[in-house]
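User: I'd like to learn how to read aromatic rings in a protein model. Could you walk me through this one?

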Amino acid sequence: MAVNLVNVEQVSKVYGTRALLDGVSLGVSEGDRIGVVGRNGDGKTTLIRMLARLEEADSGRVTHSGGLRLGVLTQHDSLDPEATIRHEVIGDLADHEWAGSAKIRDVLTGLFGGLALPGFEHGLDTVIAPLSGGERRRIALAKLLIAEQDLIVLDEPTNHLDVEGISWLAGHLRARRSALVCVTHDRWFLDQVCTRMWDVQRGTVHEYEGGYSDYVFARAERERIAATEESKRQNLMRKELAWLRRGAPARTSKPRYRIEAANELIADVPPPRDTSELMKFANARLGKTVFDLEDVTVQAGPKTLLTHLTWQLGPGDRIGLVGVNGAGKTSLLRALAEAARTQGDAQPAAGKVVVGKTVRLAYLSQEVHELNPNLRVLEAVQQVRDRVDLGKGREMTAGQLCEQFGFSKEKQWTPVGDLSGGERRRLQILRLLMDEPNVLFLDEPTNDLDIETLTQLEDLLDGWPGSMIVISHDRFFIERTTDRVMALLGDRTLRMLPRGIDEYLERRQRMEEAATPSAAPAAAKEKAAPGASVSPQAARAAKKELQKVERQLDKMSTRETALHAQIAENATDFEKVAKLDAELRELVAERDELEMRWLELAEDA
């Protein structure tokens, strides 16, 4: 029988006149992996802070089992700014001690990309004081994960991690024996890690078995039976349920609730997007040309990020853009945005960007541009426009769109200066959409947004007719809102990934293995007995074949770029696109085999 680690009994917490938690009773046992969801401001962080005894309850009590080893990641770290990373993360362990620990090596490699901490000027001996908030947060997470705990409490652990880091963290937490309570808006992460969910709503906490997908099924069923939610909220939940059942790969390991009833809920719900209808409308709004790139070079200062890039963003294209940090994702969007702003007069370092004459671009950057703090929310939106045309005869007023984005009638009269970071982010997105763009660039749009707001944004984008590029570390959001995934892998090229983010992670793993001598393919190791060396003749033969393979890979890269261009050119000819896509898949598979052969030959050469 699982040992109870934490008991929360009849806990209440009031801020001002608002009861965040009202008589809440919960428990955490050994082996529990609990995800905490709810709207921003509803009390998620307050709940886990009281769970960890970092904050006192107004009434009720929180008890911990004797000798409980507790690790907590808060949104503000307690690192010593004068200390080095080595001192905070590894402590007094000698180099041979920590380097000999598989756990420490795994954490450092997973969170920082290597034992030498690439990206930090002095590696482990880097002083913490001048580091950014994101870097400090990764250090605090590494310190927590290296220690041994019975219970780990994490508040937004995926913030400042890239797709690879999030994937690694999910696998690491699944393999740990510690119990886990985690607040996050990353729905893919919740599905991968959690086996129970706590939904914090209006002072109470509803418990559900399973990960995020199971939670969506169960909550929709509960709301259907109870009929307590307004129709707008109900419809949004039904739409997301339809997406989970139809639009994405099955995420739920075992249906724990009445899935038959859940299926009844979505029997009359259409697919999330009518792609062909949106494509027709996008063509009408945008014409044939949106962005055409010909042999483009993208630079950031003296650093060259992309070379010989030939690519088209066509009308109605919805692209998810992923890649390693520093590969040029944001720089590419900035180059396109500058070309659009100047109607093609501002060009990149080399090559040419052609911008469609009808392009109206809205660019959501990672920085939240400050608004007049004295403006009310509704006034800040009405500054842009009073009404917005959503296409196909749909029109909304500024107030209606505010409500769809979680700003109630009362909240619309709140001064901008009193909004939280997440609410300001919502307002920034809202103002962009009010300007009726036909091209959207979204750079990390999910930052600071809660899950309910994310589903509302996804719902709005489902019917939005135009071209879109999304940069995000949120896998769920990319899968939900885009149709194709493209990647910057740090080799100065842009690649299309038919299998999406899973393919990106596989490619990145192969690249890491190729860059690590100890990770040479097993086949290459088996060619020679331990301690034996390759003969000079064999090495020369391997080098000769290696050059041949490199030439083949170069030709394949050129062909792949050409296929991407042809797919973009024929975006509305679905039969031709299907044939080109099949050819591209075969090419990618063949290239993957050649890359593995290259690794084997490189070992011998």
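User: How do I read a pair within it?

Analyst: A pair of aromatic rings is described by the distance of the centres and the angle of the planes. Rings of Phe, Tyr and Trp (its six-membered ring) pair if their centres lie within 6.5 Å; planes under 30 degrees apart are stacked, over 60 edge-to-face, and the rest tilted. That rule gives six aromatic pairs. Tyr-208 and Tyr-215 have ring centres 5.2 Å apart and planes at 75°, so they are edge-to-face.

User: Are Tyr-208 and Tyr-215 buried or exposed?

Analyst: Both are buried (under 20% relative accessible area; exposed is over 50%, partly exposed in between, with a 1.4 Å probe and protein chains only).

User: What about Tyr-212 and Phe-476?

Analyst: Their ring centres are 5.9 Å apart with planes at 85°, so this pair is edge-to-face. Tyr-212 and Phe-476 are both buried.

User: How confident is the predictor overall?

Analyst: Look at pLDDT, its confidence in each residue from 0 to 100. The chain's mean pLDDT is 81, and 83% of its residues reach 70 or more. Where pLDDT is low, the predicted coordinates should not be read in detail.

Note on methods: Residues numbered from 1 in each chain as written. Predicted model: local features only at pLDDT ≥ 70, side-chain atom pairs only at ≥ 80, totals over all residues. Heavy atoms only, no water. pLDDT = per-residue confidence, 0-100.
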